[in-house]
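I opened my notebook and went through this one piece by piece. Here is what I looked up, in the order I got to it.

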Amino acid sequence: MTTLAAAQKAPLDSRTGKPRRPRHPYRAALATARGRTGLGLVLLVVLAGLLAPLLAGHGPTDQSALALAGPGTPGHPLGTDDLGRDLLARLLHGIRADLGIIAVAVPLGAVLGCLLALAAACHPLADTVVQRAFDLVLAFPGLILALAVTAILGPGRVPVILVIALAEIPVFGRLLRTGILVQRGREYVTAARVGGTSGGRILTRHILPNAADPLVVQFAVSLTVAVFIEGAMSFLGVGVRPPEPTLGAVLSQSMPYLAQAPHFAAGPLVTVTALVLGLSLTAEALSREIRR
Amino acid sequence: MRGYLLRRLPSALFVLLLASLLVFAVLRLVPGDPAAVLAGPDASAEAEAAIRASLGLDDPLPAQYARWIGGLLTGDLGPSYAIGGRTADLIGDGIGATVELTLGALLFVIVLGAAFGMVGATSRNRWLRGTVRILTTGALAVPPFVTGVLLVLLFAVLLGVLPPGGRVPLLTAPDLGVQYLLLPALCLALPSAAVLGRYLEDSIGRALSEDYVRTATAAGIAPRRLLWRHALPNALPPVVTLLGMQTGHLLGGAVLVEAIFAWPGLGQLAEQALVRRDYPVVQDLLLLLVTVFVLVQLVTDLVHAWLDPRIRWE
Amino acid sequence: MTETRPSTPTAPTRRATLRAAGGGALLLGLGVTGCRSAVSEAGSPAGEAGEAGKASTEPRRGGTLSVAVNADFTPSLLFAQSAQSLQQRLIYNTLTRYDDRLKPQPELATSWEYAKDGRSLTLALRTGVTFHDGRPFTADDVIFAVENLQSPLRAAQLRATAAVVTGFEKRGDHELVLKLAHPVNNLFDLFEFMIIADRNSVEDAVTGKRLNGTGPFRLTRWSPGSGLSLRRNETYWRPGRPYLDGVELRVVPQADALLSSLRTGQSQLSFSVPGKNLSVVAATPELAISQYSTGGGAVYLGVNTTVAPLDDKTVRQALAWAIDRERILKQVLGGYGLASAAPWPKSSPAFTEAGRTHYTHNPGKARELLRSAGHTRLDLPLLHVNLPGETAVAEAVQYDLRQIGVHVTLQPTDSAAAQKNLISQNMPGLWTMGHGFAQVQPSTLAVSAYPFNEAKNTSRFRSAAYTKVVREAWTGPAEGARANALREKITDTLLDEAFIIDLAIRGSVQVSARKLHGVTLNKFTYLNLDDAYLAG
Amino acid sequence: MTTPPLLEVQGLDVEFTTPDGGALHAVREVSFTLRRGETLAVVGESGSGKSTTALALLRMLPGTGRITGGAVRLDGQDLATADEPALRAVRGARVGMVFQDPMTALNPVLTVGRHLDEVLRAHGGRDRKARRTRAVELLALVGIPDPERRLDDHPHQFSGGQRQRVLIAMALAGEPDILLADEPTTALDATVQDQILTLLGDLTRTTGTALVLITHNMGVVARACDRVLVMYGGTVVEDGPTAEVLSRPRHPYTAGLLAAVPRLSAPSGTRLTGIPGTPPDLSLPLAGCAFAARCTLAEARCHTAAPTLTEVAGTGGDTVTGTATGAGTGTDTGSVRAACLLAAERTDPLPPPPPPARIDRPAPGAVVLRAEGLRKTYKSRRRSFTALDHVSLTLAAGETLGIVGESGSGKSTLARVLAHAHPADGGRILLDGQDVTRPGRAALHSVRRRVQMVFQDPYASLNPRMTVGEIVAEPLRAFGTVAPGERAERVAELLRLVGLDPAAADRHPRSFSGGQRQRVGIARALAPEPAVLICDEPVSALDVSVQAQIVGLLTDLQRDLGLALVFIAHDLAVVRQVSHRIAVMHEGRIVETAAADELCERPRDPYTRALLAAAPEPVPVRARLPVGAVSA
């Protein structure tokens with residue numbers, strides 16, 4: 001399709017007649033219907049989390065004698081949990097806590113993974129070591145790792161963040177490594193080398209931005225994975241320090257009551273679904289636009 | 001192919017060595033020790049010390065590590081500290097269950113993933129595509145521990161058609177074994193199936209936009225055949241790689257699912273052993289899982305190469 | 001325990017229809033057209049002869065009972081009290097068993113007599129008893145059992161009592177004199193606790209390979225993670241017993257899965273259903289709930305008395321007043337059990353209503369006590385085991401303490417690490433856990449339950465008065481006014497010093513299929529199925 | 001004349017939807033007819049709509065593409081409105097199609113035998129054995145040696161030319177009436193191209209298949225087709241017998257295109273004539289003639305009134321009505337039609353292009369770069385491939401050394417070794433007399449300042465994530481030649497030097513056309529003020545009209561800056577025109593070096609002769625001059 005491709009290469013602005021600056025693909029992606037729906041869902045959840053203190057009528061850890069009240073109870077729109085805590089407050093603060101975790105953990109994992117991939121790109125020996133280290137982390141059962149890390153560090157956000165980051169390191173690292181290998185063969189890299197640009201600058205300023213596209217998509221995917229890991233850790237009792245609510249904590253607390261009080265589990269489930277749907281739609285929109 | 005395998009061997013061994021060191025070190029860093037577990041909540045310090053000594057936990061760490069590796073190399077996994085019995089027997093008992101569950105789940109992953117992916121990539125029916133999207137989103141959004149409980153409530157408690165948990169080995173009683181296997185395998189498989197389906201959809205989409213598909217279209221080949229015989233063989237290799245990774249996830253994710261369905265596999269054993277600080281069992285198990293993962297990766301590569309004639313064992 | 005009522009056979013037609021329709025569709029859809037169903041296979045006992053109504057009234061032979069347990073058998077803890085001891089009395093026997101009023105009744109020991117000075121005990125042993133491998137049971141087996149428990153490697157909780165036995169005198173194969181270092185009043189606790197295992201195969205026993213006992217059932221197989229399979233011992237010394245052909249102990253670690261196992265009829269008996277799930281059981285017509293008055297251990301708030309300001313008794317008492325025990329009972333334990341400030345269950349001779357209600361929920365008084373000790377706000381750590389039920393207790397305690405200005409940071413810890421902290425006296429300021437050993441002779445609590453140990457306990461509480469009263473209660477008589485006075489003194493000390501603040505006695509709740517009858521537990525939750533039978 | 005046309009395209013319109021929702025009118029009002037056995041070339045530059053037209057014929061437009069008007073009648077059946085099954089019956093069976101890139105057009109996981117089998121199966125081949133026999137026949141027909149055995153090989157085991165042959169075999173498998181070949185030889189070397197064109201010619205002659213050949217190469221047109229259709233901006237601008245159109249173009253665009261094609265006969269040191277400007281933006285409505293903006297002859301009315309394709313007076317035999325509209329059927333093969341208001345009024349052909357202008361360039365000076373016995377071997381695990389085998393050359397200041405060779409001859413490797421992008425395995429490189437074969441870190445830096453490189457692919461060699469300004473500034477930053485504060489100014493200066501608006505600095509490469517990008521590449525290479533510029537196929541990815549501009553720019557820069565140039569290309573004609581001396585490479589060796597004119601007129605090496613013979617010239621075959629004869 002040389003013809004079409006060439007025709008689209010240099011679009012001209014209809015008004016000025018000057019070449020039009022194409023929109024950045026990420027922005028274009030988020031402007032599609034898919035991207036807009038995805039982003040909207042994500043923003044909705046994020047907003048709920050950010051505004052938790054304003055929206056919740058109760059403290060998330062305030063207990064009362066009113067245990068397992070159903071939804072629609074006066075003062076407790078979503079009902080209460082087994083210890084008589086307001087489920088709406090726990091849900092909103094749970095979202096807030098989850099956001100706090102994944103907003104740190106996933107970027108941390110991504111950055112560390114990318115740094116390792118960059119280090120691997122510098123020397124074949126480093127590459128071997130880093131690759132095997134990635135294999136090792138991937139091979140290690142994640143939940144066992146979670147149990148061990150929490151046992152060593154004690155409870156709290158830090159181990160949860162660490163476990164998520166650790167799980168994400170090889171994912172991002174491998175992805176970037178592949179990207180670097182592909183980009184390295186590209187002619188613009190040779191051009192930069194011939195142009196005297198140093199190896200480090202080639203890697204960071206030339207290759208990295210071009211290899212980043214799949215990372216952006218993966219980032220959205222990893223955010224959902226992170227919510228999952230948080231949930232599984234809470235379920236195993238190694239999540240965030242109680243009584244602080246997280247989506248996973250509320251969900252795992254609700255499990256014994258699934259038969260008698262299904263509303264207990266509904267809030268976090270709906271939220272996680274919205275988040276996963278939103279992020280996956282966003283990721284899809286991004287990957288479609290990037291592939292163009 | 002043999003040359004290829006030989007070349008992969010050193011790095012595989014290197015990973016195993018790293019894994020053994022890591023497992024050993026992490027276990028020693030985790031607070032609490034098997035002697036305290038064995039001694040129980042009402043034991044005296046004296047009892048604990050006696051147990052410690054009897055387990056050889058007072059030896060220097062390098063000696064303990066050497067003892068472990070030496071045992072492994074001679075095929076003697078030694079006794080379990082806190083669970084009882086010999087480590088080899090414990091693992092041997094669990095491995096059948098885990099293999100059964102993983103393979104069952106893998107089958108679900110492949111069947112469901114293929115169905116999701118094919119529908120997503122090729123169906124013109126908006127409703128069908130929408131349904132699949134809802135299913136995959138649900139599978140991705142609802143954690144396995146919730147799915148598991150819901151499946152049990154539906155199929156075992158409400159409908160009463162499948163047992164709520166437990167296991168009958170598939171080999172001893174296939175008709176019963178399958179019924180026990182269905183729910184846990186499905187529960188374990190769902191997220192991976194959704195991931196695979198999404199990926200397959202994407203991969204087929206990519207393959208369908210390749211030049212050779214245009215060539216085949218221009219030659220008058222029917223769309224159905226185009227999909228199955230031309231696009232799919234090209235879409236599969238990366239999917240196989242993903243499947244390899246997902247097998248690792250299945251093995252790792254078994255901890256939760258096995259607990260929910262009372263499935264006596266290695267996941268439960270690992271959790272038990274870790275909770276009780278049964279060092280030999282945890283060490284051997286984790287090393288086994290890493291080995292399996294490495295092997296799965298190797299098999300994945302072989303399958304990948306088998307599917308793609310451009311890759312040869314060089 | 002309350003007797004389960006005869007079941008009324010009801011056949012919910014809607015359910016049956018659903019089951020048939022759903023089952024057919026699912027099995028067809030999945031291409032599984034096996035001739036057997038795993039559901040009916042597990043659900044129905046063998047031999048369904050006789051009318052249902054009639055059959056439920058009298059014992060009948062046959063059938064396999066499936067018991068759902070939440071933890072697997074741990075062979076290395078065979079001689080200690082472990083999370084799961086149901087199989088002990090199935091495979092083994094003990095020398096004696098307590099009745100409901102803690103009166104010993106004969107088992108392998110048929111009669112016993114104390115010497116006047118209380119320094120020796122003569123036991124007459126049952127004749128004609130054989131181990132599963134056919135070897136006859138003799139006095140040597142008892143000697144071995146006691147010596148075995150004296151070994152620190154066995155980590156038996158009643159080691160202190162076993163250690164009092166300093167010598168044995170055999171009079172033939174079936175009479176034995178135990179020499180005691182000093183008089184003790186909880187020797188029968190030991191006999192209730194101590195299983196008589198084959199002395200020749202003890203190493204095989206602690207690795208789970210071979211369990212050779214004299215009990216009503218033989219071990220067919222232990223499948224780690226899955227459970228134990230037992231079949232009837234045809235040569236059991238009680239003629240005509242047991243009624244059951246076999247017993248399966250089915251490991252179901254997750255509480256909700258365990259509940260499902262019971263609701264679907266896959267299992268017919270469990271003692272591991274958490275209190276908060278019992279409302280679902282109550283709504284299931286096929287299942288019956290009954291409680292044992294011995295309780296299932298107590299939930300307590302431990303206090304490290306060496307951490308300021310918890311070294312001040314007033315502060316500890318303030319904590320004891322702050323907690324709403326009734327709420328914990330209702331919300332965390334599902335209402336099954338007993339809110340109690342003292343460690344004793346209702347069955348214990350030491351139980352008094354005054355002791356139970358010594359502390360009630362009184363935040364005002366608690367704040368006042370705190371203020372009198374010079375505090376308005378305290379920040380303290382609280383360790384708890386990171387299991388769901390334990391976490392809920394800790395959360396409830398945390399909330400109640402916050403109301404009096406004590407701000408608690410929870411430290412969820414996995415059970416192994418918690419145990420290590422417990423026995424190495426490394427607990428932080430506060431912790432919540434459970435303790436046992438209050439259901440037998442009250443004196444056992446302070447000598448065998450580590451939290452209450454006078455010499456060395458996790459709270460690092462030492463007091464000459466406590467030591468004195470504990471020793472006196474242990475070596476003194478088991479009954480009578482003096483015994484009662486000593487017990488009362490122990491209770492008073494515990495309540496006053498408040499280094500262990502008891503919150504509630506867990507209910508020991510049995511959930512069973514209505515067609516199951518004749519189940520009992522001993523005081524150490526050994527399951528006794530000698531007289532159990534499945535009615536049609 | 002009385003046989004109805006096999007294929008009749010009438011007023012075909014194709015539109016695409018752009019990502020921002022606009023319409024891109026890629027093909028406008030295209031009409032032509034094709035008779036049985038006829039060979040028709042569709043020629044045009046990128047963006048002319050020629051490939052889109054070809055795909056539209058079989059309704060295989062990609063993405064958002066759709067036919068918005070017109071008809072495509074195959075023996076009277078309108079394919080533009082036919083349903084899918086009907087189209088499928090046509091595809092492969094009645095119209096066979098050959099695609100441009102043989103590397104991607106074959107399915108990598110299927111054997112060649114399966115490829116053919118699939119097509120045969122789709123068109124009713126029931127018997128498996130019979131299909132296999134036929135597949136062997138087909139492979140033999142397209143000249144694959146040992147077809148029986150090669151049937152089970154996968155595409156990657158074939159060379160590029162062989163793959164193209166396989167594609168042709170696939171297209172012929174259904175014994176179609178029409179073979180639609182979309183740039184079938186563009187990705188191939190000249191000698192292979194020659195073979196493929198010969199094959200196509202033979203096949204159409206022997207089987208009576210009509211051929212539609214889409215190409216941008218006037219030489220290919222001359223070589224292969226009876227009739228030619230010239231497209232520009234999505235419209236047909238000229239249509240007529242090849243010999244007539246090539247020798248007497250009526251449309252100014254055709255004339256310009258022909259003038260821009262470098263001729264082997266043009267001597268060294270002459271200037272190529274390009275067409276200034278860029279093709280129109282097809283997403284905008286077009287008022288007048290699409291070419292008006294670039295036409296030197298354009299008048300005011302050309303910008304407002306769209307010309308229709310009109311038979312030009314004085315051509316053809318009996319039809320002299322003059323205004324055969326686009327809807328006219330059965331145009332005489334002998335007549336020429338042109339879509340030009342001026343051409344319609346003129347009876348004479350356009351004046352011939354002026355003879356190539358001489359460039360006044362200074363004589364080469366002292367030797368700056370010398371290579372002695374360079375060796376380079378690429379090793380994979382099993383086999384090694386010798387890319388350079390004892391290559392020696394010299395380059396003087398102000399001199400242009402042309403290097404020609406086919407793909408795999410090692411010419412690109414030579415460029416990279418000379419530019420120190422890859423190290424040499426053996427031999428010496430001397431820069432200003434100093435050995436710089438294996439420079440240290442600091443020495444390498446100073447070597448790179450002196451030796452710069454321009455790359456073949458203007459799309460791939462510019463970092464898509466950097467602005468043009470950043471790209472050009474990279475060497476400035478790296479070599480520190482200019483203080484950071486003055487960089488912007490220097491970048492602007494460099495952009496002006498290569499003929500770009502300095503305002504282009506903050507735009508990304510993707511908003512530039514190919515030629516403009518190549519200018520950016522040159523600006524980057526010039527940034528460190530090098531003495532030697534190594535140009536690796538700098539114009540082979542560009543359209544001919546743009547190629548002339550870039551070649552002219554390089555020559556001017558050489559003159560103004562005294563650069564020593566290494567000019568690598570596979571097109572001997574371009575190389576002859578720009579080079580002082582030419583070195584011919586073959587299989588890693590330089591087989592012949594001589595002064596440019598000398599080498600082209602009196603080649604000594606047989607390989608050089610073969611190269612010269614294979615070069616397609618945009619001259620009607622019958623009128624072709626013997627190789628080596630100089631016309632100017």
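Predicted model: local features only at pLDDT ≥ 70, side-chain atom pairs only at ≥ 80, totals over all residues.

I began with burial: of the 536 residues of chain C, 58% count as buried. A residue is buried if 20 or more other C-beta atoms lie within 10 Å of its own, exposed if 12 or fewer, and partly exposed in between, with C-beta atoms placed from the backbone. Residues are numbered from 1 along each chain as its sequence is written, while chains are lettered from A and ligands numbered from 1 in the order in which they are written.

Next I looked up the secondary structure of chain C, which comes to 19 helices and 23 strands. Helices (H or I, at least four residues) and strands (E, at least two) are DSSP runs, numbered from the N terminus. Then I checked contacts, meaning two residues whose C-beta atoms, placed from the backbone, lie within 7 Å. Among contacts in chain C with a separation of 6 or more, 71% are between residues 24 or more positions apart.

**Who touches whom**

Which chains share the most contacts? Of the 5 pairs of chains in contact, it is chains B and C. Chain C and chain D do not touch, and their nearest C-alpha atoms are 34 Å apart.

I also looked at A against B: 31 residues of chain A are in contact with 32 residues of chain B. On the chain A side, the elements giving two or more residues include helix 6 (124–139) and helix 13 (263–291). That side has 23 nonpolar, 6 polar and 2 charged residues.

Most residues other than glycine have a negative phi, and most peptide bonds are trans.

- The bond from P242(A) to P243(A) is cis, with omega near 5°, and P243(A) lies in the loop between helix 11 and helix 12 of chain A.
- R241(C) and P242(C) are joined by a cis peptide bond too, with omega about -15°.
- L68(A) isn't glycine, yet its phi is positive, near 55°. Is L68(A) buried or partly exposed? L68(A) counts as partly exposed because it has 19 C-beta neighbours inside 10 Å.
- F437(C) has a positive phi as well, near 65°. F437(C) has 29 C-beta neighbours inside 10 Å, so it counts as buried.

**A helix pair in chain D**

Last, I picked helix 4 (residues 128–141) and helix 6 (residues 160–173) of chain D, whose axes come within 9 Å and cross at roughly 125°. Axes are lines fitted to C-alpha atoms, for helices over the stretch in contact, and angles run from 0 to 180 degrees between N-to-C directions. Helix 4 and helix 6 of chain D are therefore oblique to each other; under 35 degrees counts as roughly parallel, over 145 as roughly antiparallel, 65 to 115 as roughly perpendicular and the rest as oblique. In helix 4 of chain D, L138(D), L139(D) and L141(D) meet A169(D), L172(D) and A173(D) of helix 6. I sorted that contact by class and got 6 nonpolar, no polar and no charged residues.

Definitions and conventions:
Nonpolar A, V, L, I, M, F, W, Y, C, P; charged D, E, K, R; others polar.
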